[in-house]
Amino acid sequence: MKEEIFVSGRNIPDIDPFLNIWHWQIPIYLYLGGVAAGILFFAGLFTLLGKEKEMPATMKWAPIIAPIILVLGLFFLFLDLKHKLYFWQLYTTMRFESPMSWGAWVLMAITPLSMVWVGSYMKEMFPWWDWKFKVLNLFESWAIKNRSNIAWVMVVLAVILGIYTGILLSAFNARPLWNNSILGPLFLVSGMSTGAAVILLVSKSHYERTLMSRIDLLLIVIELFFIFHMIMGFRAGSAVQIAAASLFVGGPFTITFWVFVVLLGLLFPALLETLELRGFKVPVIIPAILILFGGLMFRFIMVEAGQITRYLY
Amino acid sequence: MRYAMAIDTRKCVGCSDCVVACQTENDVPIGFCRDWVTETVDGSYPNVVIELRSERCNHCDYSPCVRCCPTGASHIEDGGIVLVTKSKCIGCGACIQSCPYEARYSHPDGYVDKCTFCIHRVRKGEKPACVAVCPTKCMYFGDLDDENSEVSTILKNRKFKALAPEAGTQPHIYYLV
């Protein structure tokens with residue numbers, strides 16, 4: 001029997017007995033960042049593949065959401081800060097060792113870029129739109145002319161943004177549940193899948209929906225593989241990693257994780273999408289909403305469970 | 001210069017004087033602490049082993065808190081002391097997440113606070129407050145690079161351990177066992 005107590009009395013808020021320093025703001029921000037990364041990635045990718053005409057929702061309508069949720073995500077990130085008036089210190093340095101630092105810079109680049117992207121399509125989407133100022137009109141024609149260049153930058157930044165949401169967590173070696181190299185790719189794939197779900201919700205074209213359903217199905221399969229791979233890695237790891245995995249395998253997060261994330265968020269929408277692709281009538285809103293819900297749950301569970309895991313000594 | 005601390009777990013009685021001294025010296029707000037005492041009990045009667053440890057920031061060589069800080073507020077001072085610059089800290093909590101020793105906390109004023117090895121005293125040639133008040137004299141502080149310092153001498157002559165070295169942090173609080 002081994003027992004450990006604080007003789008001197010220690011009960012620091014949000015730290016004892018379990019770390020809970022990051023509340024709801026962080027998982028929501030990671031989620032919104034992932035969704036935006038997915039939307040912008042597909043917008044850029046299909047521009048580079050020359051499919052502007054066939055995929056109006058991917059190009060124009062879904063990206064409207066990206067800058068809105070990015071700004072919202074940044075706002076939640078700001079809410080999480082405890083020394084708020086000093087937030088600008090983030091933008092006085094660039095620290096490559098700190099994922100939060102380069103993540104903040106990437107957000108500072110991709111948020112305005114996504115606004116430029118949406119701006120370049122404003123007149124196509126809303127014929128009555130008027131920029132009012134000559135400078136903005138000039139800027140618009142520049143953006144339209146350079147759309148493929150912007151798409152290149154956007155694809156790269158979207159991948160960095162998507163993978164950063166996972167690396168932000170995986171860089172903490174003191175939290176064994178987060179500290180695994182698959183978490184970055186896993187969050188990236190999950191973000192892209194949720195981005196594809198938004199496009200599915202917005203799209204009205206049969207061709208676009210079929211294509212995005214196929215892509216989403218592939219992403220779900222990869223995500224499932226990564227999740228199993230992650231848990232296998234933990235089970236074959238050191239004592240702290242085994243303890244981390246046990247939260248999901250028999251521990252307090254077992255049901256929430258396997259039912260809400262894996263079953264309802266991945267397996268069930270994958271089944272529905274397969275049925276739809278086979279020609280059955282399935283309202284697209286169901287798998288899309290389930291994927292969006294599963295992605296959110298996944299981030300909440302990972303952030304909360306990860307903070308509980310720690311080194312034992 | 002490499003400051004370190006050695007704490008004799010066999011002499012410590014767990015009186016928590018170090019904790020109170022620190023709170024007084026550094027104006028630690030009520031309900032928070034920069035150092036604390038843990039008691040680990042192994043075995044069951046009649047074969048019981050108790051270990052008392054006065055714990056604090058390990059002032060690691062490879063400090064995850066300094067690495068993950070997005071603004072550079074967490075940094076390493078001369079002598080290996082890990083400090084937080086209040087006016088640079090945004091209170092994001094990354095360093096609190098990164099510490100395997102839970103040695104940092106969010107100060108009610110917003111910034112992150114932690115043990116400073118009483119750098120203001122050490123620079124004047126004094127010992128940290130916790131070491132200075134210890135009634136059993138079970139704590140040793142000094143420069144590891146100086147072979148004749150109190151801490152180097154005791155580490156040469158006694159068996160010791162550090163906490164969670166497997167976290168890869170290279171901690172510098174040594175527990176004599």
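## Nonpolar cores

The largest nonpolar core has 153 residues, of which A:Trp22, A:Phe42, A:Phe248, A:Phe257, A:Met302, B:Met5 and B:Met139 touch the most other members. Helix α1(A) gives the largest share of this core, 15 residues. Apart from it lies another core, of eight residues, including B:Ala4, B:Tyr140, B:Val151 and B:Tyr174. A nonpolar core is a set of buried Ala, Val, Leu, Ile, Met, Phe, Trp, Tyr and Cys residues joined through side-chain atoms within 4.5 Å; buried means under 20% relative accessible area (1.4 Å probe, protein chains only).

## Basis of the model

This is a predicted model, in which local features need pLDDT of at least 70 and side-chain atom pairs count only at pLDDT 80 or more, while totals for chains, interfaces and linings use all residues. Residues are numbered from 1 along each chain as its sequence is written, chains are lettered from A and ligands numbered from 1 in the order in which they are written, and side-chain values use heavy atoms, without hydrogens and water.

## Helix α1(A)

Helix α1 of chain A covers residues 25-48; helices are DSSP runs (H or I, at least four residues) numbered from the N terminus. Of its 24 residues, 22 are buried. Just after α1(A), A:Gly50 has a positive phi of about 70°.

## Strands β2(B) and β3(B)

Strands β2 (residues 36-42) and β3 of chain B pair in the antiparallel sense over seven bridges; strands are DSSP runs (E, at least two residues), and pairing requires at least two DSSP bridges. B:Asp42 stands opposite B:Val49 in β3(B). Six residues lie between the strands of this hairpin, where B:Gly43 takes a positive phi near 85°. In β3(B), residues 49-55, five of the seven residues are buried.

Conventions:
The expected span of a helix is 1.5 Å times one less than its number of residues. Buried means under 20% relative accessible area, exposed over 50%, partly exposed in between (1.4 Å probe, protein chains only).
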